[in-house]
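Please look over the strands and helices of the model shown here before reading the report that follows.

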Amino acid sequence: MDIHKLITIDQPHNTFPQALYKILNAGHTWIEWNTDGSKIRYNDPGRLIRELQTLGFKAQDSASLSKNFNDYSFNRLSDARKSRYDPYKSTWTVFCHAEFLRHDPDRANAIQRRRARRTRPYSKKSSPCSDDSIWD
């Protein structure tokens, strides 16, 4: 058997940003771009995990989903994890990345996974995509 086939078996054909871009452009109501296409939000993390699994990712829970967002340097602007149980899916989690834009898929394709873990500073740094309103 070819060793290359052994190594690449069951591995996703896309990077996380490419898969996320594909899911966003499928027209789902539970995940969407903001009006100018610079931020994304979703209200059903379980559904996002299932969609990523169909694309070959091995995400099993919200921790592995968060790890993917963090590994690709996405900035979390709001956090639905801290809210109470939401059976109506009315609480949204918002992310942004300076290179992840709706109208420029080539920039999204260029986003690379971070190789080394950085130590987190004690003070919160401002982000290039943060502003007063998290969803415009």
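## Terms and basis

Two residues are said to be in contact when they have heavy atoms within 4.5 Å of each other. The model is predicted, and for that reason local features need pLDDT of at least 70 and side-chain atom pairs count only at pLDDT 80 or more, while totals for chains, interfaces and linings use all residues. Residues are numbered from 1 along each chain as its sequence is written, and side-chain values use heavy atoms, with hydrogens and water left out.

Helices (H or I, at least four residues) and strands (E, at least two) are DSSP runs, numbered from the N terminus. Buried means under 20% relative accessible area, exposed over 50%, and partly exposed in between, with a 1.4 Å probe and protein chains only.

## The paired strands

Strands are taken to pair if DSSP finds at least two bridges between them. Strand β1 (residues 31-33) pairs with β2 in the antiparallel sense over three bridges, and Trp33 stands opposite Ile40 of β2. Five residues lie between the strands of this hairpin, where Gly37 takes a positive phi near 75 degrees. Strand β2 (residues 39-42) is covered on both faces, with Lys39 and Arg41 buried on one side and Ile40 and Tyr42 buried on the other.

Strand β2 also runs antiparallel to strand β4 (residues 93-96), to which four bridges join it; here Arg41 has Val94 as its bridge partner, and Ile40 has Phe95. Strand β3 (residues 75-78) pairs with β4 as well, in the antiparallel sense and over three bridges, with Ser78 and Val94 as bridge partners. In β4, Thr93 and Phe95 point one way and Val94 and Cys96 the other way, and all are buried.

## A later residue beside the strands

Ile134 is found in the segment after α5 (105-109), and it is partly exposed, with a relative accessible area of 34%. Leaving aside neighbours within four places in sequence, Ile134 is in contact with Lys39, Leu77, Ser78 and Val94. Ile134 and Val94 are 40 residues apart in sequence, yet their C-alpha atoms are 7.5 Å apart in space.

## Helix packing

Two packed helices are described by the angle between their axes and the distance between the axes. Axes are lines fitted to C-alpha atoms, for helices over the stretch in contact, and angles run from 0 to 180 degrees between N-to-C directions. The axes of helix α2 (residues 16-24) and helix α3 (residues 45-54) come within 10 Å and cross at roughly 115 degrees. This makes α2 roughly perpendicular to α3, a term covering 65 to 115 degrees, where under 35 counts as roughly parallel, over 145 as roughly antiparallel and the rest as oblique. The contact is made by Phe16, Ala19, Leu20 and Ile23 of α2 together with Leu48, Glu51 and Leu52 of α3. These residues divide into six nonpolar, no polar and one charged, where Ala, Val, Leu, Ile, Met, Phe, Trp, Tyr, Cys and Pro count as nonpolar, Asp, Glu, Lys and Arg as charged, and the others, Gly among them, as polar.

Seven of the nine residues of α2 are buried, and these buried residues pack against β1, β2, α3, α4 (62-71) and α5. The axes of α3 and α4 likewise come within 10 Å, crossing at roughly 70 degrees, which makes α3 roughly perpendicular to α4. Here Pro45, Leu48, Ile49 and Leu52 in α3 meet Ser62, Leu65 and Phe69 in α4, a contact with six nonpolar, one polar and no charged residues.
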